[in-house]
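Biologist: I would like to learn how to read a model feature by feature. Shall we take it step by step?

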Amino acid sequence: MITKRIIPCLDVRDGRVVKGKNFTGIQDVNGPVELAKYYNDTGADELVFYDITASVEQRSLFTEVLRRVASQIFIPLTVGGGINTVEDFAHVLSCGADKVSVNSGAIRNPELIAQAAQKYGNQCVVLSMDVKRVNGKFHIFAKGGREDTGMDAIDWAVRGEQNGAGELVVNSIDTDGVKQGFDLEMLEEISKHVRIPIIASGGAGKKEDFSELFRLKSVDAGLAASIFHYKELVIRDLKQYLKAQQIETRV
Amino acid sequence: MIAVIDYGVGNLFSLVSSLQYLGLTAKVTGKPDEICAADHIILPGVGAFADAMNKLRETNLDATVKEQAAIGKPLLGICLGMQILFEKGLEYGEHDGLGLLKGEVVPIADDLKEKLKIPHMGWNQLKIVRDCPLLKSSKDGDYVYYVHSFYAKNCAESIAAVSDYGIPITGVVANKNVMGTQFHPEKSGEAGLKILSAFAEL
């Protein structure tokens, strides 16, 4: 059977991996190629690279990093950050990405998902959503979690699937960086309404958080950054633990 | 030299990188003379069955692939590249494939008995059902990376390995020099590199 996936996320700025808490307070972590190799060797199932810079010069630095990683590491790579057009898809795919994650770009132009899915196939399009509770509802936030769009997260997820997204990354702003576990309530609610694979993000602090996450049958993967970057948890150990909990992983 | 056929579908960066990583010489090409000069041929592909076949036909590369397969050159189809080796595909209508392998390509969803997610996406284990040179370094239980919504069926003659997704999903096919993997060996870590390496040794 398909295994549950463990996915480290590398936020890249100025060619370096960085990590913030609740989307702010950014710290430098490591060189991306070294870190990617480390993850590949310790059992990561995929890698996600987010370009958190915006300027053109830094963008070319990012794609150089991507090329170097993609020519040495042979597991799926997803790239996100600043993807606004089908041409942006073409650019990162030509540098070695396998999947492309869209967030604000799809909010600004919902057609982007359909256009990219038509050109590259659904499997290539990952809809990443930053979600936060507002008055008891789940809202979609834009611009790295700074702006409430007022859109309902469930509607947005369903629309994304209909438009051809092949996967959803559900990132809970409420639990991001807090390390008190994934946002199970939010994930369960969203997963009831879509059939595409769901990657949970935001809140991993210990191995038990992953076993609790994967009790939700509808969640396919867990994504985390700092807990892996700072080696608080080694993916291989996490997978052994999950296996002992009868959760199937690629060990 | 391994010719990786370029017919305008899919992302060849990883495939070429993984071949180079193994120390092999790979050339991405859509030119018949270069494909004919190669020792091995890889037919990649992502997207839809009919699109891929149309593109191969438009460039006349379908004839080149068939001719090279007929003279016994090792040919490896990957993902959609494997699917179009078969006689026909039932993706958005019924379409003829290259017909190098017996069988057809059908929606996974139609055959699933339980409500599992489509696409079949992620890491799954190989179950080897027949020895074949492509799997000489592989073993039962090796994890490989799949992402697809259609699978090859009625292909008992060529099936060499399957993966379990409620139903057996055709993973590896081989009939003499014509071979294919539904999963992406170039994305399957060490297990995938072993398969590419075994292919290059043929």
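This is a predicted model: local features need pLDDT of at least 70, side-chain atom pairs count only at pLDDT 80 or more; totals for chains, interfaces and linings use all residues.

Biologist: Where does I78(B) sit, and what does it touch?

Modeller: I78(B) lies in strand β4, residues 75–78 of chain B. Leaving out residues up to four places away in sequence, I78(B) touches I42(B), P44(B), G45(B), T181(B), H184(B) and P185(B). Take I42(B): it is 36 residues from I78(B) in sequence, yet their C-alpha atoms are 7.5 Å apart.

Biologist: Stay with chain B. In which order do the strands of the open sheet run?

Modeller: Read a sheet strand by strand. Here four strands run β6-β5-β7-β11 in chain B, with mixed pairing. β6 (95–96) and β11 (150–153) of chain B are at the edges; each has a single partner strand, so one side of each has no neighbour in the sheet.

Biologist: How do β5 and β6 of chain B pair?

Modeller: β5 (residues 86–89) and β6 of chain B are antiparallel, joined over two bridges. In one of them, K88(B) is partnered by D96(B) of β6(B).

Biologist: Now a helix. Which residues of α7 in chain A are buried?

Modeller: The general idea comes from the turn. An α-helix has 3.6 residues a turn, so residues three or four places apart point the same way. In α7 of chain A, residues 184–191, the buried ones are M186(A), L187(A), I190(A) and S191(A). Viewed down the axis of α7(A), they fall within an arc of 120°, so they line one face of the helix.

Biologist: What do the buried residues of α7(A) pack against?

Modeller: They pack against five elements of chain A, namely β7, β8 (137–142), α6 (153–163), β10 (167–172) and β11 (198–201).

Biologist: Which residues does the UniProt "active site" annotation cover?

Modeller: An unreviewed UniProt entry marks D11(A) and D130(A). D11(A) is in strand β1, residues 5–13 of chain A. D130(A) is in strand β7, residues 125–134 of chain A.

Biologist: Are D11(A) and D130(A) buried or exposed?

Modeller: D11(A) is buried, because 23 other C-beta atoms lie within 10 Å. D130(A) is buried too, with 27. The contacts of D130(A) beyond four places in sequence include N103(A), I140(A) and N171(A).

Biologist: Last, which residues have the most contacts inside the largest nonpolar core?

Modeller: V100(A) and L168(A), in a core of 146 residues. Among the residues V100(A) touches are V79(A), F89(A), A116(A) and C124(A).

Terms used: Residues are numbered from 1 along each chain as its sequence is written. Chains are lettered from A and ligands numbered from 1 in the order in which they are written. A nonpolar core is a set of buried Ala, Val, Leu, Ile, Met, Phe, Trp, Tyr and Cys residues joined through C-beta atoms within 7 Å. A residue is buried if 20 or more other C-beta atoms lie within 10 Å of its own, exposed if 12 or fewer, and partly exposed in between; C-beta atoms are placed from the backbone. Two residues are in contact if their C-beta atoms, placed from the backbone, lie within 7 Å. UniProt positions are given in the numbering used here, feature names are shortened, and annotations may be inferred rather than shown by experiment. The arc is that of the directions from the helix axis to the C-beta atoms. Two strands pair if DSSP finds at least two bridges between them.
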